[in-house]
Amino acid sequence: MRRSPTPRGARLARLLATEQLRSWGLPLDPAEHIVAELATNAATLGRVPGRDFRLTLYVVGGTLRIEVTDTRGDRLPHPARPAPDATTGRGLLVVAALADRWGVTPGPHPRKTVWAEVDATR
C-alpha cells in the first residue's frame, strides 16, 4: 500500500497493517509497533515532497516480513543512542529490539527499503 509521507500517512499505514494482520489471524504484537516506527521514519526522515512511501507485508514459512520503501536512498538508517533527554531518535532501537532480523536494501535509485522480520507465530 502506498501512503503519503506525512504523520497522517504513517498513522494510516499502522492502522491498515493492524487490520491486515487481524484478517490473517496473526498477533499484532510486535508487528504493529515495528510498522509504526518504520512508517514514521519514512514519513519524516525519508520524506520527499510529492513522493509516497510504500508499506508491504507478507508471510513466508511462518515469518512475517514488513517492508517500508521510501525515496531517500541517500539516507541510510542506522540505530543511534540519543541523549537521555532527547524526544526522538529511538525508533530503530525499538525495531532492533522487537524484530528477529532487520536491515536495509538499497535501490533502485532513488529508493531504499527498510525491512524487519518477526516470527508470525509468537
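Thr18 lies in helix α1 (residues 7–24), where helices (H or I, at least four residues) and strands (E, at least two) are DSSP runs numbered from the N terminus. The model is predicted, so local features need pLDDT of at least 70 and side-chain atom pairs count only at pLDDT 80 or more, while totals for chains, interfaces and linings use all residues. Residues are numbered from 1 along each chain as its sequence is written, and side-chain values use heavy atoms, without hydrogens and water.

The predictor's confidence in each residue, pLDDT, runs from 0 to 100. Its mean over the chain is 87, and 90% of the residues reach 70 or more. Confidence is lowest in strand β1 (residues 2–3), with a mean of 60, and highest in strand β5 (residues 112–119), at 96. Where pLDDT is low, the predicted coordinates should not be read in detail.

Thr18 has a relative accessible area of 5% and is therefore buried (under 20%; exposed is over 50%, partly exposed in between; 1.4 Å probe, protein chains only). Leaving aside residues up to four places away in sequence, Thr18 touches Leu28 and Glu32 (heavy atoms within 4.5 Å).

A nonpolar core is a set of buried Ala, Val, Leu, Ile, Met, Phe, Trp, Tyr and Cys residues joined through side-chain atoms within 4.5 Å. The largest has 25 residues, of which Ile34, Leu38, Phe53, Leu55, Leu57, Leu64 and Ile66 touch the most other members. Two or more residues each come from α1, α2 (31–44), β2 (53–60), β3 (63–70), α3 (91–98) and β5. The most come from α2, with seven.

Strands β2 and β3 run antiparallel and are joined by seven bridges; pairing requires at least two bridges found by DSSP. Thr56 has Glu67 in β3 as its bridge partner. Two residues lie between the strands of this hairpin, in which Gly61 takes a positive phi near 55 degrees.
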